[in-house]
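User: I would like to work through this protein by question and answer, with the cut-offs behind each term spelled out.

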Amino acid sequence: MDSYILLLHETAMTPDISPEEMQAIIGRYKAWGQKMREAGRMAGGNKLEDRTGCVVRGEGARMRVTDGPYAETKDVGGWMTSSFWPTAMRMRVEWCKDCPHLSFGTIELRRIQVT
């Protein structure tokens with residue numbers, strides 16, 4: 001069975017929002033996630049914690065580690081995996097169309113290659 005990952009990229013900084021607005025946004029994500037789970041489309045996922053990562057590049061003596069990523073660099077803000085998606089890409093895209101994340105960024109939909 002094919003598995004897919006949805007990488008949620010944040011492309012816009014969220015302006016200062018009230019606690020009520022934040023709760024409404026969280027509610028939208030929870031409702032969408034519940035819909036995906038009930039349809040058998042979501043196997044797992046989480047939001048990535050802000051400002052806690054690093055990027056490693058190079059190898060050996062040339063390896064360098066930089067802080068980040070940061071919101072202004074179009075981060076991946078979260079991820080989800082699914083082990084059951086329709087075979088046609090347009091149908092997989094259709095399942096993403098009402099994801100609340102599209103209000104804040106983009107979704108990268110990738111098939112996971114199992115070796």
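User: Is Glu94 buried, partly exposed or exposed, and what is its relative accessibility?

Analyst: This is a predicted model, in which local features need pLDDT of at least 70 and side-chain atom pairs count only at pLDDT 80 or more, while totals for chains, interfaces and linings use all residues. Residues are numbered from 1 along each chain as its sequence is written, and side-chain values use heavy atoms, with hydrogens and water left out. Buried means under 20% relative accessible area and exposed means over 50%, with partly exposed in between (1.4 Å probe, protein chains only). Glu94 therefore counts as partly exposed, its relative accessibility being 39%.

User: Which residue forms a salt bridge with Glu94?

Analyst: A salt bridge here is a side-chain nitrogen of Lys or Arg within 4 Å of a carboxyl oxygen of Asp or Glu. For Glu94 the closest N and O atoms of the pair are 2.7 Å apart. The partner counts as exposed, at 56% relative accessibility, and it is Lys97.

User: How many residues apart are Lys35 and Asp98, which form a salt bridge?

Analyst: Helices (H or I, at least four residues) and strands (E, at least two) are DSSP runs numbered from the N terminus. Lys35 lies in helix H1, whereas Asp98 lies in the loop between H2 and strand S6 (105–112). Their closest N and O atoms are 2.5 Å apart, and both residues are partly exposed, Lys35 at 34% and Asp98 at 35%. The pair links distant parts of the chain, and the separation is 63 residues.

User: How many salt bridges does a search of the whole structure find?

Analyst: Besides the pairs already discussed, Arg110 forms a salt bridge with Glu108, with the closest N and O atoms 2.9 Å apart. Arg110 is partly exposed at 46%, and Glu108 is partly exposed at 23%. The search of the whole structure finds three.

User: Which backbone nitrogen does the side chain of Glu21 reach?

Analyst: Glu21 is placed in helix H1 (residues 19–38) and is partly exposed, with 43% relative accessibility. A polar contact is a pair of N or O atoms within 3.5 Å; within protein, one must be able to donate a hydrogen and the other to accept it, and residues adjacent in sequence count only if both atoms are side-chain atoms. At 2.8 Å, the side chain of Glu21 reaches the backbone nitrogen of Ser18.

User: What pattern does the protein follow along the sequence?

Analyst: The protein has two helices and six strands. Read along the sequence, the pattern is β-α-β-β-β-β-α-β.
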